[in-house]
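Here are my notes on this model. Please read them with the coordinates open.

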Amino acid sequence: MEEIFWDFFLLRDANAAWVLLGMICICVSSALIGCFTFLKKQSLAGDAIAHAILPGVCIAFMWFETKSPFVLLGGAVMSGWLGMMGINYIQRYTRLKSDAALALILSVFYGLGILLLTVIQRSGNASQSGLDKFLFGKAAAMIKEDVLIFLGFSIIILLVITLSYKPLKLVIFDPMFAQAIGINVKLWDLLVSFLTVMAIALGVQ
């Protein structure tokens, strides 16, 4: 038992090392963009977007008939992006409160995703095996390729936030002043939304 203990904490087990590295990448990227999401008072948007990416994954699989992580992540990001835009649209142009907008997007997108997943399961497509691992997680079975994908996306998020920190900070804390000095507030809001969706889609597995 003692040997197993030290093997785990000294990362002698390759599987434990990949899982740890993958979790570090996901946590760093999520924490960075999560601060901006929290300050925008959209901290619960993560839960809605995590469910909204399901139809995008299903559509990407049905269209390309592959379980390539890049293809499925692309579908997840596009679907999550539409969900985030839907939330922002409802909050801005209707009288519904933010929690109602989140609940509406979550239920509609997740329901559509379950419908598409049922269609895939009944299609008899032999390549559908293992798709559930992408949708419902496989943290204990990460491999080197997964970690490299997480690392690449995490570096992109880190670089974008680092290079854009000053205008992002200004837009988040004082959007009226930012607009007055000529900063395109809507464009930076879209950037924050896109990075949020990317971080969430990255952590699906």
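1. Start with helix H3, residues 45-52, in this predicted model. Four of its residues are buried: Ala45, Ala48, Ile49 and Ala52. They sit on the same side of H3, because the arc they cover around the axis is only 95 degrees.

2. What covers that buried side?

3. Next, the cysteines. The structure has zero disulfides. Take Cys25: the closest cysteine sulfur to its own belongs to Cys27, 9.4 Å away. A disulfide needs the two sulfur atoms within 2.5 Å, so this pair is too far apart for a bond.

4. Are Cys25 and Cys58 buried or exposed? Cys25 has a relative accessibility of 11%, so it counts as buried. Cys58 is at 0%, and therefore counts as buried as well. The cut-off for buried is under 20% relative accessible area.

5. Now the surface. Which residues make the nonpolar patch? They are Leu148, Leu151, Ile155, Leu159 and Leu163.

6. Leu148 belongs to helix H8, which runs over residues 144-163. Its relative accessible area is 49%, so Leu148 is partly exposed. Exposed would require over 50%.

Methods
Residues numbered from 1 in each chain as written. Predicted model: local features only at pLDDT ≥ 70, side-chain atom pairs only at ≥ 80, totals over all residues. Heavy atoms only, no water. Buried < 20%, exposed > 50% of the residue type's maximum accessible area, 1.4 Å probe, protein only. Helix = DSSP H or I, 4+ residues; strand = E, 2+ residues; numbered from the N terminus. Arc of directions from axis to C-beta. Patch = residues over 30% accessible without salt bridge, like charges linked within 9 Å, V, L, I, M, F, W, Y side chains within 5 Å. Areas by Shrake-Rupley, 256 points an atom, 1.4 Å probe, with all protein chains shown as cover. Salt bridge = Lys/Arg side-chain N within 4 Å of Asp/Glu carboxyl O.
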